[in-house]
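Subject: Structure handover and notes

Dear colleague,

I am passing the structure on to you with this message, and my notes on what was found in it follow directly below. Please read them with the coordinates open.

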Amino acid sequence: MTDALIHTFHPLDPLTEDEFAQAAAVVRRDKSVDDRWRFASIALEEPSKPGVAAFEDTGVVPDRRAAVVCFDRDTNTTFKALVSLTDDAVVAWDHVPGVQPNITVDEFYEANEAMRRDPRVAAALHRRGITDVGNVFADIWAYGDVLIPEDYRGLRLAWSDTWLTAPGGANRYAHQLRGFHCIIDLNSMEVLDIEEGEPLELPEVMGEYLPQHLPRRLLDSSAREPLRPLKITQPDGPSFRLTGNRLEWQNWSLRIGFNWREGMTLHTVTYNDHGRVRPIAHRMSFAEMTVPYRDQSDDHYRRTAFDIGEWGLGFMTTSLELGCDCLGEIRYLDAALHDSKGRPYAIKNAICIHEEDDAVLWKHVDHETGAEVRRARRLTVSFHVTVANYEYLVYWRFYQDGSIQSELRATGLILTTHLYPGEKASRGALVDNRTYAPYHQHFLTARLDLDVDGPENTVYAGESVPVPMGPDNPYGLSLQQTETPLRTEQEGKQDYCWETQRAWRVVNDNVTNGLGTHPSYKLVPGGAIPAMFDRESPVLQRAGVIGHTVWVTPNRPDERWPAGEFVNQSGPGLGLPRWTAADRPIQNTDVVLWYTFGIHHITRPEDWPIMPVDTVSFWLKPVGFFDRTPALDVAPTPATDCHHDGGDARHRKTRR
């Protein structure tokens with residue numbers, strides 16, 4: 001992000017461009033890392049909770065450190081370094097055997113060029129009638145361990161998906177070359193094998209979305225009346241205050257972070273409750289995204305993406321623009337990252353911060369005193385990522401009633417495959433002429449390090465249970481709410497239950513509110529989808545996290561990644577399944593709540609050629625955290641902003 005001024009510095013601030021350059025230079029100097037190596041990732045080694053607290057209490061700055069993962073292409077070996085930026089020295093250097101770091105953006109583009117240069121690829125394309133390799137585009141995908149061809153085990157690999165494109169900005173994902181895939185050694189940039197598949201004649205489709213490529217009939221101005229301007233203005237500026245990376249609004253305070261893997265992160269979230277600043281969360285982020293395609297065909301059986309662990313949301317973050325991605329009185333934060341040489345670069349306007357109107361906050365109409373209404377406003381912090389064909393739009397929203405909402409929107413270009421004449425679309429939806437879009441799922445795992453009035457918390461599973469009819473319940477109306485404390489990690493493995501409306505509260509049993517109960521924040525589940533895999537499936541073995549809706553673990557600084565730290569070419573049982581096998585205690589301690597939600601994408605023609613956003617979200621809502629609604633002190637909207645006396649007289653309202 002843009003370099004903060006000295007008086008705004010905080011040890012949780014993400015690395016600057018200068019710090020990225022320094023970390024890479026120190027590793028090169030002290031460990032003889034030359035240009036044949038790649039820097040897979042450089043990120044802030046975040047200080048501990050006590051270190052953060054000491055800084056905020058005394059101003060003592062903890063050692064500023066960067067965690068570096070790099071690998072030697074010639075020996076295919078991976079190393080982790082811990083660099084002290086304060087002392088300009090490598091303080092730890094460890095070889096990590098048998099792993100492959102994330103695929104870098106540089107490797108993505110270099111692999112595409114390597115395929116174009118390979119004469120065997122050109123010859124194979126020529127056999128399909130394609131004479132210009134410049135008209136071919138390839139995406140590369142990471143492997144899971146079980147799917148790696150035996151002949152190529154021990155190499156750093158990717159497989160490619162190949163598309164026939166057209167000049168002038170046409171949809172590059174409209175014509176997949178069915179069955180045509182390459183296996184690439186990413187270290188040598190050598191094409192190891194070519195799967196040519198069975199050629200088929202490409203059907204004629206309308207797969208365009210840019211106005212200049214659309215048929216005139218779809219742009220007929222009479223089809224839809226033009227919208228009149230909708231202006232969102234705040235002539236006095238926004239109501240939030242941004243100081244460096246610290247954001248304050250309507251009693252809320254939080255810090256915004258950013259890294260290559262998770263993209264935007266939120267830290268030290270507090271609420272000022274009538275002068276008492278109360279902690280709610282130490283750190284919140286999305287820790288993994290698993291996207292399995294539910295199609296066993298040759299084109300799709302390898303297609304399970306771990307977009308966070310294999311690629312990194314930060315590396316895929318795109319710049320935002322006023323009036324397009326965000327609307328209103330906006331403040332942006334830039335982000336800093338690095339390429340595989342360790343060279344820093346900036347992402348302009350990576351994070352958008354703005355306020356939004358959110359209809360009515362609360363209202364009541366009394367027959368004597370009339371209507372009392374409060375208009376709701378929310379603070380939205382967002383970033384967008386482009387992962388090849390898909391866009392993921394991530395929003396965290398803060399509300400005046402103390403609630404927090406986390407929302408994901410998926411859009412972009414769905415992947416399609418052409419059908420042979422007479423072939424049926426049995427594993428997806430027919431979206432165009434002899435063209436189907438495979439069914440797939442998007443699983444997103446949020447890592448929620450909540451500190452509700454302090455770090456010692458207990459998670460309770462709450463369920464609503466109807467009481468059987470009987471003498472004490474003659475009409476069958478009674479409903480009981482059961483609250484079960486989760487005491488160990490095995491108990492902390494939880495699944496959503498529609499029948500009982502199961503939800504989870506993070507409770508501080510050491511604190512009592514004014515009503516004599518304990519403060520908590522409730523995870524209100526949304527978009528909780530089942531994995532729908534056989535327990536022996538390689539996908540579920542690698543992504544054990546999607547096997548449960550909720551996991552609860554004790555907070556450990558080295559347990560950040562629910563499918564394992566090194567996901568690329570990974571095997572089974574990493575991350576949460578491995579950690580929770582110890583069945584550690586999780587009661588009245590510093591815990592992490594892991595929540596998996598997402599989109600069960602049964603594709604449809606309306607997703608083609610570009611997909612309108614599909615939206616899922618979950619909420620964190622205060623339960624007993626306040627003694628009553630904290631929204632009582634929200635000021636009413638000025639009457640001048642509520643009433644407009646212009647326009648058609650038939651629509652005018654008379655005030656009483």
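A503 lies in strand β26, which covers residues 503–507, in what is a predicted model. Its relative accessible area is 8%, and A503 therefore counts as buried. Leaving aside neighbours within four places in sequence, A503 is in contact with Y460, A461, G462, K522, L523 and P525. R628 is 125 residues apart from A503 along the chain, and the C-alpha atoms of the two are separated by 21 Å.

Strand β27 (residues 520–524) pairs with β30 in the antiparallel sense, over five bridges, and within that pairing S520 has V623 of β30 as its bridge partner. Strand β30, which spans residues 611–623, also pairs with strand β19 (residues 404–412), again in the antiparallel sense and over eight bridges; here L408 stands opposite V616 of β30.

Over residues 16–91 the chain is 33% helix and 36% strand, with the end C-alpha atoms 20 Å apart.

An open sheet of four strands is found in the order β1-β2-β3-β4, with antiparallel pairing. Strands β1 (37–44) and β4 (89–95) stand at its edges, and because each has a single partner strand, one side of each is left without a neighbour in the sheet. From one strand to the next the twist averages 20°. Strand β3 (residues 77–84) runs antiparallel to β4 and is joined to β4 by six bridges, and K80 stands opposite D94 in β4.

Helix α1 (residues 17–31) lies across β1, β2 (65–72), β3 and β4, and runs at about 70° to β4. Just after α1, S32 takes a positive phi of about 55°.

The next annotated stretch, also from an unreviewed UniProt entry, is "domain: Copper amine oxidase N3-terminal", which covers residues 101–197. Over residues 101–197 the chain is 23% helix and 26% strand, and the end C-alpha atoms are 30 Å apart.

Four strands form an open sheet here, in the order β5-β6-β7-β8 and with antiparallel pairing. The edges are taken by β5 (136–141) and β8 (190–195), each of which has a single partner strand, so that one side of each is left without a neighbour in the sheet. The twist averages 30° from one strand to the next. Strand β6 (residues 157–164) and strand β7 (residues 181–185) pair in the antiparallel sense over three bridges, and L157 stands opposite D185 in β7. Helix α3 packs on this sheet, where it touches β5, β6, β7 and β8, and its direction makes about 130° with that of β5. Helix α4 (residues 119–127) lies across β5, β7 and β8, and runs at about 20° to β8.

For α3 (residues 105–117), the 13 residues should span 18 Å at 1.5 Å a residue, and the end C-alpha atoms are 19 Å apart, which agrees. Which residues of α3 are buried? They are E107, F108, A111, N112, A114 and M115. Seen down the axis of α3, the buried residues fall within an arc of 160°, so they line one face of the helix. The face of α3 turned away from its buried side carries the exposed residues Y109 and R117.

Notes:
Residues are numbered from 1 along each chain as its sequence is written. This is a predicted model: local features need pLDDT of at least 70, side-chain atom pairs count only at pLDDT 80 or more; totals for chains, interfaces and linings use all residues. Side-chain values use heavy atoms; hydrogens and water are left out. UniProt positions are given in the numbering used here, feature names are shortened, and annotations may be inferred rather than shown by experiment. Helices (H or I, at least four residues) and strands (E, at least two) are DSSP runs, numbered from the N terminus. Two strands pair if DSSP finds at least two bridges between them. Axes are lines fitted to C-alpha atoms, for helices over the stretch in contact, and angles run from 0 to 180 degrees between N-to-C directions. Contact means heavy atoms within 4.5 Å. The expected span of a helix is 1.5 Å times one less than its number of residues. Buried means under 20% relative accessible area, exposed over 50%, partly exposed in between (1.4 Å probe, protein chains only). The arc is that of the directions from the helix axis to the C-beta atoms.
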